Amino acid sequence: MSNLAWIFVSTLIINNFTLVMFLGLCSFFGVTAKVETAWRLGLANTFVLLLTAVSAWFLNKYVLTHAPFLRTVAFIVVIASGVQIVEMAVKKHFPVLFRQLGIYLPLITTNCAILGLALFQTSRHYNLIEAVVFALGAGLGLTLALSLMASIRERLELAEVPAVARRMGLVLIVASSLSMAFMGFAGMGSGQ
Amino acid sequence: MTALPVSSAAAPTAELVPGAPPPAPLIQDLWRGISRENPVVIQMLGMCPTMAVTNLVANGIAMGLATTFVLVGSGIFVSLFRRHIANEVRITSYILIIATFVTLADMILAATFPVISKALGPFMPLIVANCLLLGRAEAFAAKVKVTRALVDGLGMGLGFTLSLTVLSTLRELLGRGTLLGQPVLGAGYEPWVFMVLPPGGFFALGLLLLAVTWVRGRRARRSPAR
């Protein structure tokens, strides 16, 4: 498998950001009550991830070489302003989607998947193309995890469960089995 | 966990800030984060580090203490500047204050415990994106005096550390048969590796939440008046 394809498949499935790397769990538990909102938020996240990957690459290449200790601060400022721009654009051009996403749109800023992407891409020394592919895989992986979880939770709504498990306890155990399924793909990476 | 008297919502607020938390004795500000509003098992905030670093007790405690440091530091500064930060840019300002303290914590840990710092890796700078920090800054620290912000940060931090310690003890003990690296379950114990892998994180927290819900349900049934 070529390097780029490997990065894509690896982040999409084997090292899925949400289910295996534990990034972006707030939205994973917060917005997965309905499939409709889940995949829409996933795509909004993908867009912000792509934006972040490109800006983080430029920051790393031209700015942060002089001041590496400012990395966390610089990344989070870029992400916060990126999310702000996306929010304004969505509000102007897609007012219906804007109302559906509500509070979760600005909350993308504190989604650790975004900052995590920038940090991992730095520590792995990806070049610009690799970083974009990495972001695409991460975003689609996030969308996949969110939609899967939302469809399971829509079914769970109708199931009869003991009162103790009716809150988050059961959801976490379902997430555990989903995570196990995704980890099962790890064998694919044994050659790498 | 002893039950504390709930302060009445009708009490006059000392400061004229809309949405300010009702005045309460400091001990209650401290205790709330540890019990009734525990960040992990009740509020479900800061889930990412909770599951990512709790495969070993040492990592869990280090993450808990680092988060406590950032909570207290950012709480003090957000509270100090609460009259000077314009409403429109408050979230960005809070994030900047938090990011500064995270960078500090990251450097201190790297200088004192390089092994743990390496094990935590990107999850150390990722404290910035822990919604617990922004949540406390926005909901509490920005609306109260410095002492209360400090005590609240300390309480939330200790509650977070406590949950992480319990979770990592469970996972390390079952997954490796060790505690803080020392073997405790004897050579005959077959490690349940599942617990230190990612699915084990979801599973262990699920069990912990079930236990907490069960205990709370039982207590509520015993004293239905509250």
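**Two chains of a predicted model: questions and answers**

Me: Of the contacts in chain B with a separation of 6 or more, what percentage do residues 24 or more positions apart account for?
Reply: The model is a predicted one. In chain B, take the contacts whose residues have a sequence separation of 6 or more. The part of these that joins residues 24 or more positions apart is 75%.

Me: What pattern does chain B follow along the sequence?
Reply: Chain B holds eight helices and two strands. Read along the sequence, these elements follow the pattern α-α-α-α-α-α-α-β-β-α.

Me: Among contacts in chain A between residues at least 6 apart in sequence, what percentage join residues at least 24 apart?
Reply: The contacts in question are those within chain A between residues at least 6 apart in sequence. Of these, the percentage joining residues at least 24 apart is 81%.

Me: Which elements are included in what covers the buried residues of helix 1 of chain A?
Reply: Helix 1 of chain A takes in residues 3-14, and its buried residues are Ile7(A), Phe8(A), Ser10(A), Thr11(A), Leu12(A) and Ile13(A). What covers them includes two elements of chain A, helix 7 (128-156) and helix 8 (168-183).

Me: Is Met21(A) buried or exposed?
Reply: Met21(A) lies in the loop between helix 1 and helix 2 of chain A. Between its C-alpha atom and that of Phe75(A), 54 residues apart along the chain, the separation is 20 Å. Because Met21(A) has 22 C-beta neighbours inside 10 Å, and 20 or more are needed, it counts as buried.

Me: At roughly what angle do the axes of helix 3 and helix 6 of chain A cross?
Reply: Residues of helix 3, among them Asn45(A), Val48(A) and Leu49(A), meet residues of helix 6 that include Ala113(A), Ile114(A) and Leu117(A). By class, this contact has eight nonpolar, five polar and no charged residues. The crossing of helix 3 and helix 6 of chain A is right-handed. The axes come within 9 Å, and the angle at which they cross is roughly 35°.

Me: Which helix of chain A gives the most to the side of chain A that touches chain B?
Reply: The contact takes 32 residues from chain A and 32 residues from chain B. Helix 2 (25-30), helix 4 (71-93), helix 6 (112-123) and helix 8 each supply at least two residues of the chain A side. That side divides into 23 nonpolar, eight polar and one charged. With nine residues, the helix of chain A that gives the most is helix 8.

Me: Which residues touch the most other members of the largest nonpolar core?
Reply: The largest nonpolar core has 108 residues. Its largest share, eleven residues, comes from helix 7 of chain A. The residues that touch the most other members are Leu115(A), Ile98(B) and Leu126(B).

Me: Leaving aside neighbours within four places in sequence, which residues is Leu126(B) in contact with?
Reply: Neighbours of Leu126(B) within four places in sequence are left aside here. The contacts are then Cys112(A), Leu115(A), Gly116(A), Leu119(A), Cys48(B) and Pro49(B).

Me: Leaving aside neighbours within four places in sequence, which residues is Leu133(B) in contact with?
Reply: Leu133(B) is found in helix 6 (residues 131-139) of chain B and counts as buried, with 32 C-beta neighbours inside 10 Å. Its C-alpha atom is separated by 9.5 Å from that of Met156(B), 23 residues apart along the chain. With sequence neighbours within four places left aside, its contacts are Val70(B), Leu71(B), Ser74(B) and Ile98(B).

Note on methods:
Residues numbered from 1 in each chain as written. Chains lettered and ligands numbered in written order. Predicted model: local features only at pLDDT ≥ 70, side-chain atom pairs only at ≥ 80, totals over all residues. Helix = DSSP H or I, 4+ residues; strand = E, 2+ residues; numbered from the N terminus. Contact = placed C-beta atoms within 7 Å. Buried ≥ 20, exposed ≤ 12 C-beta atoms within 10 Å, placed from the backbone. Core = buried A, V, L, I, M, F, W, Y, C linked by C-beta atoms within 7 Å. Nonpolar A, V, L, I, M, F, W, Y, C, P; charged D, E, K, R; others polar. Axes fitted to C-alpha atoms, helices over the stretch in contact; angles between N-to-C directions. Left-handed = near helix turned anticlockwise from the far one by under 90°.
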